[in-house]
Amino acid sequence: MVMDRTYGGNWDDRGSGPSLVRRRIGYVLSGYTESYTQYGGRDGWLIYTNFAGQVMREKFFGTQGDDGSVQIALAPDSLSLYLAQHIDTLLQPGYAPWAYQIMKLDPLGNPEWRIILQDSLSRYAHGIYTLANGDVLVYGVLDIFHTPPNGFGWLARISAQGSLLWEKAYQYPDHGNAWNFQSNSIFDVVELANGNILLVGETKVRDNGGQNPWIVQVDSNGCFSTHCDSLPAPWRGPPTALE
């Protein structure tokens, strides 16, 4: 079967990777929309289609502000989805500009559970990954100055039941400096056969002033060694328009 389709309206509507999953009954495309917003200026957007690309349903996620694209990963049942999205918190004084929400959606796209990671630091979505046991990893950048690219590579593990198991931040040690705070990002993750996690991203090494590819292997707890602390437990945010 071949097809050629577009989706969207008169404003800015985009897909954003990971932006497509194949379920047992069709496809799901993810991104954001400004044409069909339900909550604010820009909302996360899921399009459920059959295998011919015909739209079966659409779902929207966000707050009253301008929210990020949704990132999705297929759950072990090949029907449900895990979803991650950075959301606008500018309407909540005292918090960072961006928080991060993670959900599990049932086969019809309705939330089964939802948690929000929100405090004085901004989290930026680069992706979400399903582990062999059904847990999920979310990853990207933990911004310490609210002006990327200044930040840490960021990784969090969420149980299949929706509990935060741990959250880590990573930096590349710089030559002659205690740590390099310039630009550390995680763009992809892979679970290895022994349960370790391989992280791929980029870092800025001050010796040459540019960005460099960066690869890191950590254990199933996100650690290099037994002396490994999680970030402080994130604040679980108030209800938004989604609820």
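My entries on the sheet and one of its arginines follow.

**Ground rules.** I am working with a predicted model, where local features need pLDDT of at least 70, side-chain atom pairs count only at pLDDT 80 or more, and totals for chains, interfaces and linings use all residues. I number residues from 1 along each chain as its sequence is written, and side-chain values use heavy atoms, with hydrogens and water left out.

I found 4 strands in an open sheet, ordered 5-6-7-8, with antiparallel pairing. Strands here are DSSP runs (E, at least two residues), numbered from the N terminus, and two of them pair if DSSP finds at least two bridges between them. At the edges I noted strand 5 (70-74) and strand 8 (111-117), each pairing on one side only.

**Strands 5 and 6.** I looked up the link from strand 5 to strand 6 (residues 81-88) and found 5 bridges, running antiparallel. Isoleucine 72 has leucine 83 in strand 6 as its bridge partner.

**Strands 7 and 8.** Strand 7 (residues 98-105) pairs with strand 8 over 6 bridges, again in the antiparallel sense. I saw leucine 105 opposite proline 111 in strand 8. Their hairpin has 5 residues between the strands, and glycine 109 there takes a positive phi near 90 degrees.

Is arginine 114 buried or exposed? I find arginine 114 buried, with a relative accessible area of 17%; buried means under 20% (1.4 Å probe, protein chains only). Arginine 114 lies in strand 8, where 5 of the 7 residues are buried, so this strand is largely enclosed by the rest of the structure.

How values were computed: Buried < 20%, exposed > 50% of the residue type's maximum accessible area, 1.4 Å probe, protein only.
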